[in-house]
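Good morning, and thank you for joining this group meeting.

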Amino acid sequence: MDSAFVGREREVALLRAAREASRSGRPALVLLGGEAGSGRSLTVSTALEGGAVLLGRCVPLTGTALPYGPWVDVLRALPGESRVSGGRPVGPARLESDHELARAEILDEVHTALTEAARESPLAVVLEDMHWADRASIDTLMYVASKLRDEPLLVVATFRSDSTTGTDWAEGLAELGRLPVTTRVELPGLGLDDVAALVSAHRPEPADVGDQRSLAARILAASGGNAFFAAQLVADPSWLEGAGDLPVRLRDVVAGRVRSLSPAARDVLEVMSVLGRPVADSVVAQAAGEGFVDALRELVTSGLVVADREHGTLAVRYGVVHSFLYDTLLPLERRRLHARVADALDHAGGADVAALAERAEHWYRADDPGRALPAAVRAGAGAVDVVAAELAWRHLGRAVALWERVPGAAACGLTHAELLALAAGAARWCGDPGAAADLVRTALGEAATDDVRVALEERLGRYLYEAGDVAGSRAAYEHGAALLAGSPPSALAAQVAAALASLSMLRGAYAAAAREARAALDLARRADAPLAAAYALSTLGVCLSVTGEAAEAVDVLREAAEVARRADDIESIMRVDIALAVALERSGRLTEALEAARRALERARTYRLTGSFGVVAAANALDLMRVLGLWSEAERLAADGLDGPASPSHQAYLLSLRAALSVARGELVRARADLDRAAGLADLDEPDSAVPHLLARAELALWSGDTRQAVEQSRRAFDLAVTTDEPALAAWTSAMLVRALVDHGTAGEDDLDAAVPAPAGSAVQARCWLLTSAAERTRVPPGRSDSARAWALAAASWAEVARPYEEAYCRLRQGEAALAAGERRAARAPLARAHALAETLGARPVADEVEATARRARIRLGGEEPAPAGGPAVPTRDGEGPLTGRESEVLHLLELGLTNRQIARRLFLSERTVGVHVSNILRKLGARNRGEAAALARRAAHSAST
């Protein structure tokens, strides 16, 4: 797509309308202006294609311009031989040889030649680049245009709007504009929608509209809306991918425009390229020095600089010019220019964070450590105050690196230990708690008092926990508490106590954590420490929700939210939102829980706190989206979280959650890859992180047919969960363990009974999982009369809390139990419900299992059910148990003649697992080979249908 076809629809339509009007006897002159590269020629050629067009061009020549230059081209293109009343031919030779003739005679003869040609056939005359025209050519245009009456003639004159000052054309333009036949049109710069259309035409990939608009915004910033610049950039893959310099042709054009500037103008432009943004003209003047006004006028006239007269700011118009100039500066030139700019910005003042950060950036790039260090500290501290985490870490990290290069660095207003602590907080917020912990360890070596050591130990405890070192975290907190032993109540002591309570909660010791949180809360209130109080209340609220005291938990968390709000501390506010999400989830209020998690996530995004609490908020929201069936949204959130600055332990948690979603969808290869990656990132020892990981592995193994691995992983999860005080965790792991034991088929009833914990507490989620675990237990022995009812109760409990995946699974088992009890008609409704839920979610394994069960039972999942087919299942040898559901499915595929490899692909199993199922089928049926087993199945099906 040519750039003329983007953002030029209005101008093309206007030219076409003018041409049609001229053919009807309404001649016109159109003056079409635009900056260099705006697409004037393409716009005209697009509008006037398909008709007679006479083209004349003006050429920039050294010295005197060629008289009548464009008119010579036009007359040369006239058809045949045009004559005037005197009988002499009029053409290019006449203009070239007779330019000393009386001006009036020449003008009249040109006008007569054009009008006579137009009367023979409607005519369009295009005069290109009239900003380079000589006075004679401009006078000829004025004469021809002033004589237009009813001739079928259209004249279009194009010119560069940024090259008219001080030329003959500037005066001619004003005169031509007063003629009644004249219409002046200015081609505007391209907008974002125009550039997006250009990107879409040239690069249909990526298909994502957001990606295309992001790319279009980048091109618009670089091109300044110039059509030629934009077209060159969009056609250069290496530049678009950020791996290459400017396209050669574009670079040559920019270099030519820069070379044409005076030395003073280029100096000002270089200063502005270093500034890199619109800036007050007083700052540019300060950095540029003498000759600024004349140089600026030259730059504005050339169109390279835009002056905002209302606000007094200047900006380089084209990003490509800025890039070209900065790239061509020598390192020494860059450093000197950055120093001049930094000094000018210091002179201008400004205490807001953006101004502090800009000055720090320029002093750093000027390689002046003595000025760069205090500037970086001021910028970093200012960014901390407004919770601009990335900016804070950028400048405080630089300050740490600069410290050793500056003698007497403490003059910057901080001790080295204070700087390290400040930088550590910024690193942690940006998702690098490991770097934060390293900085704090260094600071601890320089701590002068016990109070400072305690404060640093408290920070170290936080950062180590977020980095995945739970044991190190507890050791740091306990060391801080030991240093405080015997001290009067203080905010620091309360903060350490609240942190220790939180650690107890995170390892599942909820009763102990609640006691510790109450003690920390009492200490915080006596020390008037609102942040510690909010911390303790958040922990206490979660503990109460886990043990089923939902009403008290919500009251406690509301108090925590109010304390955090009054303290105006973003970390405390986010902690409360996350705690509230956990509490509401435990009590079965999943939609409200997701709202709280989303609030925390939105705050993290607003303040760009994508590390630390931002990742925790994302993980909570992701898990809630998964259980509520919002799987597409959960996928996007997981991808965003994994692309962000998460610590290894947080990444591992996100990967485990995404893997659980992938298992439910049947994307088993991807799930296994995520789980293996998670295991390689962090030691998953804490129940809150280890249990989801182990249960995702267990369910993956079950759907893959590896029941031994499923038992191993779910038993590990169960053994870990029962060490905690959390009933829901124990019940969840129990349900998976009993399921795995039943599917594996080797556990006795005592083993199954031991895997079902006694009811404890009243938390809703715990009750749901206990009902599911109890229902799993009824699968042994097969055909129990109470099994279908047990599964119905479990399914109803999941429906009540709006967890569709768990309900679908329970409905599947309910249908199977009804069939095993001989209640074929009773099986249809739960199987249909399970199938509808699974299809809506995209839970392929459950949907496939439902379809296989319905097919074996001759049950139609949708529409009218056919008459009962009756008939027995495939008979097995005496003493052998019946075929399992998976074995029956494998046998059906054996009937169809599929190989083990084909069956494995169809059922998402490993080939080895299919081989085990086939061996079991042959043993149970007493068949000697696959063919005999298939024959037995066909005979059983035939008997059932007759």
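Arginine 575 is in contact (heavy atoms within 4.5 Å) with Tyr535, Ser538 and Phe613, leaving aside its neighbours within four places in sequence. Arginine 575 lies in helix H29, residues 570–586; helices here are DSSP runs of H or I with at least four residues, strands are E runs of at least two, and both are numbered from the N terminus. Arginine 575 is buried, with a relative accessible area of 10%, where buried means under 20%, exposed over 50% and partly exposed in between, for a 1.4 Å probe and protein chains only.

A word on the basis of these values. This is a predicted model, in which local features need pLDDT of at least 70 and side-chain atom pairs count only at pLDDT 80 or more, while totals for chains, interfaces and linings use all residues. Residues are numbered from 1 along each chain as its sequence is written, and side-chain values use heavy atoms, with hydrogens and water left out.

Next, helix H15, residues 292–302. Its buried residues are Phe292, Ala295, Leu296, Leu299 and Ser302. They cover an arc of only 130° around the axis, which puts them on the same side of H15; the arc is that of the directions from the helix axis to the C-beta atoms. The face turned away from that buried side carries the exposed residues Val293, Asp294 and Arg297. Among the elements covering the buried residues of H15 are helix H12 (248–259) and strand S7 (305–308). Glycine 303, with a positive phi near 85°, follows H15.
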